[in-house]
Structure formats: structure tokens, C-alpha cells
Amino acid sequence: MNKTFCMTTGVFHILHPGHIELLEYCSSLGSVIVGINSDDYLIKKCGKVVIPKHERIYMLKAIRFVDYVFVFGEDDPCELIKKINPHYFIKPCRAIVAGSRSTIVGEEHHVTICRTYSVSALMSDSGLGLISS
């Protein structure tokens, strides 16, 4: 296993090609750690859980690019990021080095992923009210 760690976070309630592209990119930088929002957080933020955390963990662990999955309940993953202290923290639409907050990925690439595969954009056409991932 790679000794460089790359972390990303999100809801991951409806997996789509943008998630896979993000996780694949993360794996090019090191071992991938995924932080997912807790069910309690989802209930607080959107009033429901689409896919329970144990099923989201199961799906993410089945993806070959993912090495570790953690659950966090805070609005902001900063405490989890500080605790894990990855070499990189990657978020769709932006990518930063965990320590220095330096940009390491062109924003245009990630904006394209988000615009194409945003769960909120996909669900808005269907009339479902889901928080973005």
C-alpha cells in the first residue's frame, strides 16, 4: 500500500461517474481515504437518509480505488482531516495540499466534473430534493 495518503469527503449517497473519476484521481496521488457524512448529519441537513451509512461504506469499499472509509458527523470535516493528517485533501471543484492549502489540480477539470455529475443537478430534473455530493 502507498505511504502517501489522499483524502476526500462527501455524502456519497448516489454514486455516479464523477465520484469514480474523483476517486481514481485520488488514487493516482496515494492511498485513498474517504470520509462520508453520518446518517444523523443527513437527517439534520435534508430531513432524510437516501442510502444508510453502512450501505454507503459497503459500496465505497467495493471500489478498487478506495483504501479506507470513515464516517464523520460534523458540518465540516476539518477535525477528521486534522486527525488523519493526509498528504492531500481533494474536494470536487478544488484540490488542496492538506498542510499548505496550495492548489494542486486545475480547477477547470474539477468544475467540469461537478457540473456534469452533480447529484443535486441530476436530481433537480427529477424533482427529488437531495443535498449535493
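A disulfide is a pair of cysteine sulfur atoms within 2.5 Å, and by this rule the count here comes to zero. The protein is a predicted model, in which local features need pLDDT of at least 70, side-chain atom pairs count only at pLDDT 80 or more, and totals for chains, interfaces and linings use all residues. Residues are numbered from 1 along each chain as its sequence is written, and side-chain values use heavy atoms, leaving out hydrogens and water.

**Cysteines**
- The closest cysteine sulfur to that of Cys-6 belongs to Cys-26, and at 3.7 Å it is too far for a bond.
- Cys-6 has 0% relative accessibility, so it counts as buried (under 20% relative accessible area; exposed is over 50% and partly exposed in between, with a 1.4 Å probe and protein chains only).
- Cys-78, at 31% relative accessibility, counts as partly exposed.

**Around Ser-38**
- You will find Ser-38 in the loop between β2 (31-37) and α2 (39-46).
- Ser-38 counts as buried because its relative accessibility is 10%.
- A polar atom of the Ser-38 side chain lies 3.1 Å from the backbone nitrogen of Tyr-41.
- Beyond its neighbours within four places in sequence, Ser-38 is in contact (heavy atoms within 4.5 Å) with Arg-56, Val-71, Phe-72 and Gly-73.

**How confident is the model?**
- The average pLDDT (the predictor's confidence in each residue, from 0 to 100) is 76, and 67% of the residues score at least 70.
- Over residues 94-117, pLDDT stays under 50.
- Where pLDDT is low, the predicted coordinates should not be read in detail.

Terms used. Helix = DSSP H or I, 4+ residues; strand = E, 2+ residues; numbered from the N terminus. Polar contact = N/O pair within 3.5 Å; in protein donor to acceptor, adjacent residues only side chain to side chain.
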